[in-house]
Amino acid sequence: MLSSLKPALIVGLVIVTLMLLGVACGGAEAPAASTGASAPAEATETPAQPAAQATAVPHTATPPPEATVRPTSTPAPTIAARTAPTPLPSSGPKHGGTVRMAAYADTKDWDPLGSSSLSSVISYSQLYNQLVQFDNVDTGLVVGDLAESWEVNPDGTQYTFHLHDGVTWTDGEALDADDVVTSMLRYGNPCNGRGRSGLWRQYAIPVEVVNITDKTDCTVTNADQVVRKIDDLTVEFNLAFASGAFIKFLAIDYAKVLPGHLLEQGIDLNQSENILAHGATSGPFILEEYQSGNHYKVNRNPDYFKDGLPYFDRIEHFIITTPATFIAQVEAGQVDMANAAANNLTATENYDLETSTNSEYVAHDVFGGATRGLMLNIKREPFDNHLVRQAINLAVDRQKHNARALHGAGRGHCPLVGLANSLEECESWPGMRPKDTPGGQEDIAKAQALMAEAGYPDGFEVQYTVRQVGTYAAECSVIKQDLEEYLGITGPIETLPSAAGYAKYGTARPPDAKGDWEMACQADGMTVYDVDAIYAGIFLKGATRNYTDWETPEVNGWFEEQKVELDPEKRRVINMEAERWLHDFSNNHWVSLTLGRNFWVIHRDIKGFHAPDTVQYGFKQEHLWFDR
Amino acid sequence: MRQYALKRVALIIPTVLLVSIIVFTVMRLLPGDPALVILSEGDASFTQEELEDLRRQLGTDRPIVIQYVDWIGGLLRGDLGTSIWRSGRPVTKLVGDRIFRTLELAVLAIIIAVVFAVPLGVISAIKPDSVIDYFSRVIALVGISIPTFFAGLLVVLVLSRGFGWLPPLGYADLWDDPWKNIQQMFLPALALGFYDMAFIARVTRSSMMEIIREDYMRTARAKGLAERIVLVRHGLKNAVLPILTISGWQFGRLFGGTVIIESIFKVPGIGTLLIETVFQRDFPTIQAIIIVIAVSIVIINLLVDLLYGLLDPRIRYA
């Protein structure tokens, strides 16, 4: 019987084998070839002048008067120094090449208006410019982007920006002060969501509109008082109070200047099709193609106003959301780098990736700008008792939290994450000391005494809530072990999908509600490395992570005092006092735990990368180049 | 037959309506607020006022019944609304851009499954307890036991770690670059169709084993017909009905089951869109995708039923 089937079977098997072979051998587009950097003519081209400009911080604005510029009050803290071997480039920057980047998520918005999306800013940042930006080398320093220079008035409430002359949109129209004013008034308009593009609002004179109550008429009525065109190349910003943090929020990649002439025509620049159709961008790269859920490709802007930049001819971004797929693609050499310090991998997986690729790829540390904490619902018993909160703050083992939940990649920290008291200093404070040291034992004993004083000598039952995101569940389970062991606080950990978790936390927002949660593990992300971002995220009424609307006159007072203080040292002193008070926990709702760490995976042949202070900026990719 | 077909077509309406109500209600009952998701992305800061503003803009502050009536009205007009996650983007376009890719993947997977499974099942049936039969049974057992997502990950890891190769990145549509498209689609289709191959092979085997013992098969042989003709014309033709039924069901399952495989292999179909939108609580898009999948499954089942009539005269004349 079988013999009669043999010919058909053999033919079938041959066809299938050929198909498999054909597919398996079909990697026609080998990654190395696709970089284009191997093209001899381009690869050896070394434009001396642009290289010099790139390394010498090009386009730095005229330094404003010293009294009105506030550098970051404290340098970004180092977290368990781990140096990745990055070989020195064989020569200066080279032009050319197609780089393949992995995006950790798809693009949500192509218009920065109201945008809070990290995956989106990575995409549109290459297409547009800001007025100012963070420097590529000294990544905490604000330098000019579209602004050639700027000055600040003596009382620090007025910024005047002078734009580069001759900058044009890719459709040929001139980019001038009108574009800046139109863009910024959109971000400042209270009818629009603030997102991250409008974070500077909190410092500027508020934009007023005809009818904000029901938003029937959102025409701006006080434009000239907020952002004003002086001439085609000069723009003036007016602040409600002097603030050094203002310029930082203007420098993040979200605060883009968009083509005013298209916005005025009502063209929706949130749709990639419209960006492609109208072709009016100013940035280092021009959008060539976007395929939702899969990839987007950009080409070098030949008329970019920064001489010699960018270096790459083309960037292809592939959206790779699955960690296993990302690892496989890197190991197979299909991608040259991630396009941000976000890749959905754990710290250990990032380290392993370096090993499995024989250090061909380097996982660069990026200070995450995310403070991890334990949220306590102060509206519910027993957390309405400050003695209980104090005891928890003392009993939590930050070192164990870092080692077990964050794979040793983070570092314990105090409430203002090293921007007030240094991390070294605060590591000696009660509660921060390792539990196996005499100081740590003292902390545990004091925590137990506080619990007894509060009426809970044997602890109590509680429910932990976490969102199924990142390492939150692992973090809560480590904390649960500590609190159970030292204080007898026990109970289940409830894990919820991300949105459900936020909804649950939100139940504590209304003034008369107690909320449906008790303790929760959560982080707060900083857009810029500045204490204002931490206050606004955790310690002010209405702050993102202040779901119980905890508020104290002490913290409000310190916040108001420091935000108008222009002297960095004086400001730091104010914040040091605030931090000591917050850490003492005579009244606090947020137990600060650990500063995380993010990783930007980049092939060792790609040069020009300098890690930004937070994961939220540094996406123009204009200074990167291939050393191949 | 015509009446039967009309009845089946008419049943689609209440089915889809019921699905729409279930989907809409379940989505609203699930915990999670799209406004919170949008504002909280990347652990960003926002105020209560901004949250309430966004809820108003999205229309999620209105009563659920009004939201449903609005949505179903739009659905009848062919307007699936606009995406919450991708602000302002029409859902019809979002889904329309991707549905063909998912369909292509599902078709390719079922072709692979049938092409491998039927010969395997037939050989296994006519040579029971032979080496081929044991091989076929082991393959079937493994195929049924391994979850599809795991098969996908295995394929990716074996290829990248073992051979340093993966299909080229950057999805190419079939009509733009057929060769690249086939390279990209073959492996996900193989991973996706593996389970179905195993299942269909088992059904084919048992169906064929039953048929080869029938009197008419003995008669055919007694007439002196070649074994190949006996097996194909008399055996396989009669065994095809259960195979067709299973294949139809499996195709429906495949169409809805591409979610994980698309994500692993970076196929920008409606499966990846569904994952993205579920995480973002993008209700209009999720509802549209589920309705599309439900309608597709209903239509596939209808086609299979109608095909029965064509293949089996007993049904046609009943």
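This is a predicted model: local features need pLDDT of at least 70, side-chain atom pairs count only at pLDDT 80 or more; totals for chains, interfaces and linings use all residues.
A crossing of two helices is called left-handed if the near helix is turned anticlockwise from the far one by less than a right angle.

Let me begin with a helix pair in chain B. Two packed helices are described by the angle between their axes and the distance between the axes. For helix H5 of chain B, residues 91–126, and helix H6 of chain B, residues 131–145, that angle is about 135° and the axes lie 8 Å apart. H5(B) and H6(B) are therefore oblique to each other. The crossing of H5(B) past H6(B) is left-handed.

Which residues meet there? H5(B) contributes Leu120(B), Ile123(B) and Ser124(B), and these meet Ile132(B), Asp133(B), Ser136(B) and Arg137(B) of H6(B). Sorted by class, this contact holds 3 nonpolar, 2 polar and 2 charged residues.

I turn now to chain A. Its domain assignment gives domain 1, covering 95–330 + 604–626, and domain 2, covering 367–598. Taken over C-alpha atoms, the centres of these domains of chain A are separated by 33 Å. Contact between them involves 16 residues of domain 1 and 13 residues of domain 2. On the domain 1 side of chain A, the residues touching domain 2 comprise 7 nonpolar, 6 polar and 3 charged.

Thank you for your attention.

Technical notes:
Residues are numbered from 1 along each chain as its sequence is written. Chains are lettered from A and ligands numbered from 1 in the order in which they are written. Domain bounds come from an automatic or database domain assignment. Two residues are in contact if their C-beta atoms, placed from the backbone, lie within 7 Å. Ala, Val, Leu, Ile, Met, Phe, Trp, Tyr, Cys and Pro count as nonpolar, Asp, Glu, Lys and Arg as charged, and the others, Gly among them, as polar. Axes are lines fitted to C-alpha atoms, for helices over the stretch in contact, and angles run from 0 to 180 degrees between N-to-C directions. Helices (H or I, at least four residues) and strands (E, at least two) are DSSP runs, numbered from the N terminus. Angles under 35 degrees count as roughly parallel, over 145 as roughly antiparallel, 65 to 115 as roughly perpendicular and the rest as oblique.
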